[in-house]
Amino acid sequence: MDIFDRIARDSGGPLGQYRQKAFGYYMYPKLEGELGPHMKFNGKDVLCWSLNNYLGLANHPEVRKTDAEAAARWGLAYPMGSRMMSGHTSLHEKFERELADFEKKEDAFLFNFGYQGIISTIDALMDRHDVIVYDSEAHACLIDGARLHMGKRMTYRHNDIESCEATLKRATKLCEETGGGILLITEGVYGMTGALGNLDQIVSLKKKYKFRILIDDAHGFGVMGPHGRGTSEHFGVMDEVDLYIGAYAKSMASIGGFVAGPKVIIDYLRYNLRSQIYAKSLPMAFVEGGLKRLEIIRSAEGDELRKKLFTVTRALQNGFRELGLEIGPAEACVTPVAIKGGVVEATKMAKDLRENYGIFCSIVVYPVIPKGMIIFRIIPTAAHSMEDVNYTLKTFKEIVEKLHRGEYEGDEIPDMHINA
């Protein structure tokens, strides 16, 4: 059978099956205007809870000035080539030193893109004798990295320390036979639920088992901990985390990422990360912009922005819980409002929120989450106000009452006219 013929006859998969009615509205929506809490969608003003702009740095005047000046000075091509061949600069080195110092690690290495960098880091660290142990709800980039591993990989139940220990026990036994080692991979903050990885409990298992810990702290870097150093700082286990991975796409509102750890390991990765050796270096405008963002995160202003962020976050989370809405173990900023319902109800609720209440937030349905559930993923930022919070809580109270009255029932996803 021809590959294209097979794909053309396919329904499109669990998400793609809805593509005819969903594109441009429920999936691949177009948010327009200045990045922030208030934007435009489908020609209307909306209160936006769907940007990973935690500290509001996307439109910070100093950040915008630095970005613009760096782009004017360097363009977006410089440096040209991969870091190893022709894309290395003193500013790249400076950014790495600053990140390593911030994370209290010996060294750090920049990624041109966080997802690719994480996949390559896992791939480079492991050989076929080693075992990967990872949380069952790990992010797609971690799963994809584990898939490249030609040896054994084992999962443990999400944030279940007893399951984690049992898995480590099995991995240890296997490594006694193969002579390999164990890499345990977890997230600092789980980006769909806002739950924290139980790093303190995982670290305590090092007293009983021999393994290394890698954490993907994309949603924790710059946000969690007294100084924004991440979830490992929040738990007081920075020294026990062997490799720390942060991303710029959340708290920094940019592109890229980094891995920080022992100098000998980072130096090894520098020469073995395929996604960095065989791809273009992070452009200079993003490096200069990243340095400015890190400067703000480390400053007193950064402390104030984190304080504002968590004031908004806690007000939202406490408000949802007081309304009797299920937000699970959300402890970081991501706040998932979980409601029983199907895809049709989810789309009708989303349409009502966007068209009649002027609230834009992402909807998550099966296969990302189990069937029969809807998640409205709310992402608070330091740029949101308490008025935004109060209006959103009032709105969710009303739409849940409508759901219970059966106002969103039906058999078909509503067609939407998308304004050009």
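Predicted model: local features only at pLDDT ≥ 70, side-chain atom pairs only at ≥ 80, totals over all residues.
Two strands pair if DSSP finds at least two bridges between them, where strands (E, at least two residues) and helices (H or I, at least four) are DSSP runs numbered from the N terminus. Residues are numbered from 1 along each chain as its sequence is written, and side-chain values use heavy atoms, leaving out hydrogens and water.

**Strand β9 and its partners**
- In β10, A247 has G257 as its bridge partner.
- Strand β10 (residues 257-261) pairs with β9 in the antiparallel sense over four bridges.
- Strand β8 (residues 212-216) runs parallel to β9, joined by three bridges, and I215 has Y244 as its partner in β9.
- Five of the five residues of β9 (residues 243-247) are buried (under 20% relative accessible area, with a 1.4 Å probe and protein chains only).
- L243, I245 and A247 point one way from β9, while Y244 and G246 point the other way.

**Strands β11 and β14**
- In β11 (residues 335-340), five of the six residues are buried.
- Six bridges join β11 to β14 (residues 373-378), and the two run antiparallel.

**Helix α1**
- I7 is found in helix α1 (residues 3-9).
- I7 counts as partly exposed because its relative accessibility is 49%, and partly exposed covers values between buried and exposed (over 50%).
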